[in-house]
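This report describes selected features of one model, which is predicted. Please look over the sequence and the structure before reading on.

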Amino acid sequence: MRVELPEEHQDRPLEHVGKHYAKEIVAAAGVYGTAPYQHSKLTLRELEAARFRTAQINGCSTCTAFRGARDFPGMFESFDGDIENSVYTRGPAPDEDFYRNVENWRDYPGYSERERLAIRYAEGLGLTPHEIAEDEDFWSRARAAFSDDELVDMTYSIGAWMANGRALHALGLDLVCSFAPA
C-alpha cells in the first residue's frame, strides 16, 4: 500500500483512509461511488455491462469478481442503501455468460443493443476518451437507444467507477476492498 495503514486496518483499508486522510474528499468519493447503484435509471444488465468493463480496464480483481444479483444486497447494506428502489430491481440479472463475454462484446449474441453500447461506452471512456467523444457512429447509435438523461446517467456512473477504481489502485488499496463479493 502506498499510504501508511496500521496492521489492524489491513482488511478494511478504505475505512481507515476515509477516517484519517482527506476525509471530506474520500467521503465524497464514497457517495459518488455508490450513487450509480442507488440512482441509475438504467437496467441492472446495462449498468453491470458498463461497470464490469470498467472493472476489467481498471484491473480490479475484487470488482471483476463482483456479481450484481449476488452481491448488491450486501453492498447496499454496507452503505445503508435502499435496494428496493435501486437498479437492483430493474430487470433480470446477468448470468455468468454475460460476464464472461464482456471483452467479446462485439461478437457475443447475448447482449441487447443497449448493453452492447454500454460496454462500448465504458471501453471508450476508459481507454480512448478522445476517440469516443468524436465517434459519430457511436453517438448516433447511442442517441437512438438512450435518452439524454440515460446518457448522462451512464457517463457519470462510468466516471465514478473509473475515478474510484483508479484512485484505489494507485494507492494500493484495491487489493482488499471494503466490500468483498460473496
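## Helix α5

Which helices do the buried residues of α5 pack against? They pack against α2 (23-39), α3 (44-58), α4 (61-65) and α6 (96-100). Helix α5 covers residues 68-78, and G68, D71, F72, M75 and F76 are buried in it. Viewed down the axis of α5, these buried residues fall within an arc of 140°, so they line one face of the helix.

Just after α5, D80 takes a positive phi of about 55°.

## F72 and the nonpolar core

Leaving aside residues up to four places away in sequence, F72 touches Y37, L44, E48, F66, R67, I83, V87 and Y88. F72 also belongs to the largest nonpolar core, which has 34 residues. Within this core, Y37, F72, Y111, Y121, M154 and I158 touch the most other members.

Two or more residues of the core come from each of α3, α5, α6, α7 (113-127), α9 and α10. The element that gives the most is α7, with six residues. In soluble globular proteins, nonpolar side chains tend to be buried together.

## Helices α9 and α10

Helix α9 spans residues 136-145 and helix α10 spans residues 148-170. The two pack at an angle of about 115°, and their axes are 8 Å apart. The crossing of α9 past α10 is right-handed.

On the α9 side, the contact is made by W139, A142, R143 and A145, which meet D148, E150 and L151 in α10. The residues of this contact divide into four nonpolar, three charged and no polar.

Terms used. Residues numbered from 1 in each chain as written. Predicted model: local features only at pLDDT ≥ 70, side-chain atom pairs only at ≥ 80, totals over all residues. Heavy atoms only, no water. Axes fitted to C-alpha atoms, helices over the stretch in contact; angles between N-to-C directions. Helix = DSSP H or I, 4+ residues; strand = E, 2+ residues; numbered from the N terminus. Left-handed = near helix turned anticlockwise from the far one by under 90°. Contact = heavy atoms within 4.5 Å. Nonpolar A, V, L, I, M, F, W, Y, C, P; charged D, E, K, R; others polar. Buried < 20%, exposed > 50% of the residue type's maximum accessible area, 1.4 Å probe, protein only. Arc of directions from axis to C-beta. Core = buried A, V, L, I, M, F, W, Y, C linked by side-chain atoms within 4.5 Å.
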